[in-house]
Amino acid sequence: MEIFLIRLIQFMLAISLLVLLHEGGHFFFSKLFGVRVDKFYLFFDPSIWKWDGSIFKFKPKGSDTQYGVGWLPLGGYCKIAGMIDESFDTEQMKQPQQPWEFRSKPAWQRLLIMIGGVLVNFLLALFIYAMILFHWGDTYIPLKDMTQGMKFNAEAKSYGFQDGDILIGTEEGEFKDFSADLFRQISEAHRVDIVRDGKPMSISLPGDINLLGMLKADPAFVRPLIPAVIDSIVADTPAAAAGLQKGDRILAINGKAVDSYNEYTNQIARLSDVMAVATTHEDSMKVRQATIVFARGEQTDTADVVLTPELTLGFYGQSLTKIYKPVTIEYGFLESIPAGIKYGWNVLAGYVDDMKYIFTADGAKSLGGFGAIGSLFPPMWDWYMFWKMTAFLSIILAFMNILPIPALDGGHVLFLVYEMITRRKPSEQFMIRAEYVGFGILILLMVFANLNDILRWLGYM
């Protein structure tokens, strides 16, 4: 429950900040061009019976704008006078056009008002990335320094990779670290340079490996090879009862050879699959009974243990930072700005490139709603990860909002560009219908994405 609350607070804080600044972009350009803003709200405020839906509201003296917080935490809005938006206020559109209304302004001013939110979100993401680099620097383990090499799954081995290969780079350049970018680079590569048994060599690839399949594969397509060496023992666990100690190497479990901590977790995962179909207590206990072969120095020993109900032995393996020394690149304030822009641009480019998978069956299943987004935040409060996730969500919010879908900023931009090219403004009736269609599409997408979350939680996906 504590983990859930920590993630929920981080998610709500990040979304609230992004929504306020996004709507603030619309607000800024509206005021700049003399357009009246009737309402500026964090969250939506649909009325319920005699309640107007506002948790909090106020209107400064002499101001035309009412500020407030609604009860439905699905975003926020900036209600601009004389504009057809999600408020569907058609009554105002029936009144004579006023000089302070959105519809009375030149197309170029209306265009800037509409892209204001996206512009703020994009610039915000670049700024956050720059400040992350300025404050924390860029700490990572260079992939070429991972001298234990990598552990590969069956698909990767079918392309020619072998466990222990040290990844160097592709025809596009050297790998940096172990991250999602590594998978993307391999998926698009025609050649991967490696070191095997101390000898440089290359592996030919088709250049179009399915990235989504690589990311979803279990065991993973590639992951750092971690020795099956015990780093610490948890008290009152099967490992403690069996007398296992720090530094012991796991050699086998239930007669299955273990060459790495990766393989140990694979064997445990297989036991979990068997446990999932166990129907009686006796069946479950049979799965939990395991024989562990381990080495202590030059001596080999065997221990019969009963795993916990979660099928854990009760030890921690070595972390990458204990095996390899991370490097940190520090940035001065002025240096951090171009570095942050480059980093943010690469994140956006990768996200846009990955969008092609959305239109596949597996891609549709991978869509997630609020639960999936919230789970991306760490289970403990970490300002570094909070700001990194906030910047990433800001990039997503900017990109999604500029898509040419009616009811999104991009839909309004599309119609404004059409107007600027043809010198003909779409009719208000057409805009109202387009808004309804776009709003319907967004509701369906939201329901579909959150339904995926529920099905994953229930174990159906």
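1. The lining of the largest cavity comprises 5 nonpolar, 2 polar and 1 charged residues; Ala, Val, Leu, Ile, Met, Phe, Trp, Tyr, Cys and Pro count as nonpolar, Asp, Glu, Lys and Arg as charged, and the others, Gly among them, as polar. These residues are P406, A407, G411, H412, F415, M431, A434 and E435, a lining residue having an atom within 4 Å of a point.

2. The model is predicted: local features need pLDDT of at least 70 and side-chain atom pairs pLDDT 80 or more, whereas totals for chains, interfaces and linings use all residues. Residues are numbered from 1 along each chain as its sequence is written, and side-chain values use heavy atoms, without hydrogens and water.

3. There is 1 cavity of 30 Å³ or more, a cavity being a set of points on a 1 Å grid over the protein atoms alone where a 1.4 Å probe fits but cannot get out. The largest cavity holds about 40 Å³, the volume being the space filled by probe spheres set on the points, which are joined across faces, edges and corners. Helices α15 (409-422) and α16 (428-458) each supply at least two residues of its lining; helices (H or I, at least four residues) and strands (E, at least two) are DSSP runs, numbered from the N terminus.

4. An open sheet of 4 strands, paired antiparallel, has the order β8-β7-β9-β10; strands pair if DSSP finds at least two bridges between them. Its edge strands are β8 (173-174) and β10 (199-204). Strand β7 (residues 166-170) is joined to β8 by 2 bridges, with T170 opposite G173.

5. Strand β3 (residues 66-70) runs parallel to β1 (residues 37-44), with 4 bridges, and antiparallel to β2 (residues 54-58), also with 4 bridges. In β3, Q66 is the bridge partner of K39, and Y67 stands opposite F58.

Notes
1 Å grid on protein atoms, 1.4 Å probe; cavity = no way out; pocket = protein on both sides within 12 Å on 5 of 7 lines; lining within 4 Å.
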